[in-house]
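The exercises below ask you to read a protein model step by step.

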Amino acid sequence: MKLFTNPDKKEWPLILARPLFDVTELNSKVKSILDEIKNRGDVALKELTNKFDGVNLSDFVVTEEDFSLAESQLDDQLKKAISFAAKNIEKFHSFQKHDIKKIETSHGVFCWQKQVAIEKVGLYIPGGSAPLFSTVLMLALPARIAGCREIIMCSPPDKNGIINPAILYAAKLSGVTRFFKLGGVQAIGAMTYGTETVPKADKIFGPGNQYVMAAKQLVSMNDVAIDMPAGPSEVAIIADDSSNASFVASDLLSQAEHGPDSQVILISKSHNFIDEVKIQIDMQVQKLPRKEIALKALSNSILIVMEDETQIIELINTYAPEHLIISTNNYAEMASKIINAGSVFLGNLTPESAGDYASGTNHTLPTNGWTKSYSGVNLDSFIKKITFQEITTDGLRELGPVIEAMAEAEHLQAHKNAVTLRLEAIGRNKYQSPRLKNKL
């Protein structure tokens, strides 16, 4: 981990740079795979699954028998944990519902919105060395609460053609309607274009490796909506002498173990505290099964000693982290000044892992600085809003001259005529608002 002390603002862009890789060749490979799926459907999916996942499947569909077997294979403690987390996630996301009322913007002019669930959503769940069944809860539960008619899920099978049982259990619990044994680019392609077996989705959600992310970015240009741009996971931590060095080290490592391209940042006013954290990292990392991954991620990571609290806040808002932990004695005050972050964790007893699993907030968040303009997944991610308007006779008599004046100024005569014809039909001068009298 690189250490910087009170770096000048001019140095911040270089210090805070995320790990990058050249995607030119990657995008070319991914596009060719997507084209195969688009043109050859299920045949291409079978060939690609055999090539990339090492399994020859005659059918991608997860059956009721698969779900039942998965449930029987899980121990009761894990099932109870998943159910507990699901209740918290469902409670938090259900609270995001709100009524939209009809309003009268001016006399006789009524406007309102209607919330409509996206009909078909496609959810991607990574498998492999870290089967993210928690992501099933984070995506499928809000989709169900929103009222999505079809919740389509894909996850890669193992060499025996089997999906991790915890993923299947969480999917059944969360209301997934159709599940397919597909991973990587082939899953994104199938949900984008639709095949003989897999339905086309209207919007695709979910994390993945660089191939999955490249596929999502490519299909989002012309073919399907996606949740957000995303890259490797990241966390920034603000700590002071009231923080617990052991806790902070564990939080840094919890993000570092995601992948070798993850990035972790620690900012503190104290050199001594950072030294304590480094000692704790060295001790804790030795016990991790994913030690080598974590160590590679730590090589991309940063320690910063910064004495000015105002500059600390500015640096964080400049970096715009996916996850932010504030474990200082004045964490509430500092949190009120944060404007760019995906999810914020406050105090010594709030680990980032809580948001990853069971506190109730969503862990599908924008990375790579996109928190400056994107929110994490929430109920609105699965909803579109349609606006309506209705104008009465008196309403058109008041609003019509306004529209005519504006349309004429923009040289759009047909727009003006659409109003003028109606005003002539109903009688332009039978009503005029006191506010507009002698003004138009």
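**Exercise 1. Two residues with a positive phi**

Does His-411 count as buried or exposed? Find the place of His-411 in the chain and its phi angle, and then do the corresponding work for Ala-320.

*Solution.* Bear in mind throughout that the model is predicted. Step one is to locate His-411, which sits in the loop between helix 15 (393-409) and helix 16 (413-426). Step two is to apply the cut-off for exposed residues, which is over 50% relative accessible area; because the relative accessibility of His-411 is 71%, this residue counts as exposed. Step three concerns the backbone: most residues other than glycine have a negative phi. His-411, although it is not a glycine, has a positive phi of about 60 degrees.

Buried means under 20% relative accessible area, so Ala-320, at 0% relative accessibility, counts as buried.

**Exercise 2. The chain as a whole**

Describe the extent of the chain, its helices and strands, and the share of its residues that count as buried.

*Solution.* Begin with the extent: along its principal axes, the C-alpha trace spans about 85 × 60 × 45 Å. Next, go through the secondary structure, where you will find 16 helices and 14 strands. Then turn to burial, which applies to 47% of the 440 residues. Finally, take the contacts between residues at least 6 apart in sequence; of these, 75% join residues that are at least 24 apart.

**Exercise 3. Helix 2 against helix 8**

Work out how helix 2 and helix 8 are arranged relative to each other, and name the residues through which they meet.

*Solution.* Helix 2 covers residues 24-53 and helix 8 covers residues 210-220; their axes lie 9 Å apart, and the packing angle is about 70 degrees. Angles of 65 to 115 degrees count as roughly perpendicular, and the two helices are therefore roughly perpendicular to each other. The crossing of helix 2 past helix 8 is right-handed. On the side of helix 2, the contact is formed by Leu-26, Asn-27, Val-30, Lys-31 and Leu-34, and these meet Gln-210, Tyr-211, Ala-214, Ala-215, Leu-218 and Val-219 of helix 8. Sorted by class, the contact has 8 nonpolar, 2 polar and 1 charged residues.

**Exercise 4. Helix 9 against helix 10**

Decide which term describes the arrangement of helix 9 and helix 10.

*Solution.* The axes of helix 9 (residues 245-256) and helix 10 (residues 271-285) come within 8 Å and cross at roughly 60 degrees, which makes helix 9 oblique to helix 10. As helix 9 passes helix 10, the crossing is right-handed. Among the residues that make the contact are Val-248, Leu-252 and Leu-253 of helix 9, together with Phe-273, Val-277 and Ile-281 of helix 10. By class, the residues of this contact divide into 9 nonpolar, 4 polar and 1 charged.

**Exercise 5. The largest nonpolar core**

Which residues of the largest nonpolar core touch the most other members, and which helix gives the most to this core?

*Solution.* The core has 40 residues, and those that touch the most other members are Val-121, Leu-123, Met-153, Phe-179 and Phe-382. Several elements supply at least two residues each, including helix 4 (76-94), strand 4 (120-124), helix 5 (133-146) and strand 5 (150-155). Helix 5 gives the most, with 9 residues. For a closer look, follow Leu-123: leaving out residues up to four places away in sequence, its contacts include Leu-139, Ala-140, Met-191, Phe-205 and Phe-382. A second, separate core of 32 residues includes Val-30, Ile-33, Cys-154 and Ala-214.

**Exercise 6. A residue in a loop**

Where does Asp-202 lie, and which residues is it in contact with?

*Solution.* Asp-202 belongs to the loop between helix 7 (184-193) and strand 7 (203-205). Its relative accessible area is 40%, so Asp-202 is partly exposed. Once its neighbours within four places in sequence are set aside, Asp-202 is in contact with Ile-118, Glu-119, Lys-120, Val-224 and Ala-225.

Terms used: Residues are numbered from 1 along each chain as its sequence is written. This is a predicted model: local features need pLDDT of at least 70, side-chain atom pairs count only at pLDDT 80 or more; totals for chains, interfaces and linings use all residues. Side-chain values use heavy atoms; hydrogens and water are left out. Axes are lines fitted to C-alpha atoms, for helices over the stretch in contact, and angles run from 0 to 180 degrees between N-to-C directions. Helices (H or I, at least four residues) and strands (E, at least two) are DSSP runs, numbered from the N terminus. Angles under 35 degrees count as roughly parallel, over 145 as roughly antiparallel, 65 to 115 as roughly perpendicular and the rest as oblique. A crossing is left-handed if the near helix is turned anticlockwise from the far one by less than a right angle, and right-handed if clockwise. Contact means heavy atoms within 4.5 Å. Ala, Val, Leu, Ile, Met, Phe, Trp, Tyr, Cys and Pro count as nonpolar, Asp, Glu, Lys and Arg as charged, and the others, Gly among them, as polar. A nonpolar core is a set of buried Ala, Val, Leu, Ile, Met, Phe, Trp, Tyr and Cys residues joined through side-chain atoms within 4.5 Å. Buried means under 20% relative accessible area, exposed over 50%, partly exposed in between (1.4 Å probe, protein chains only).
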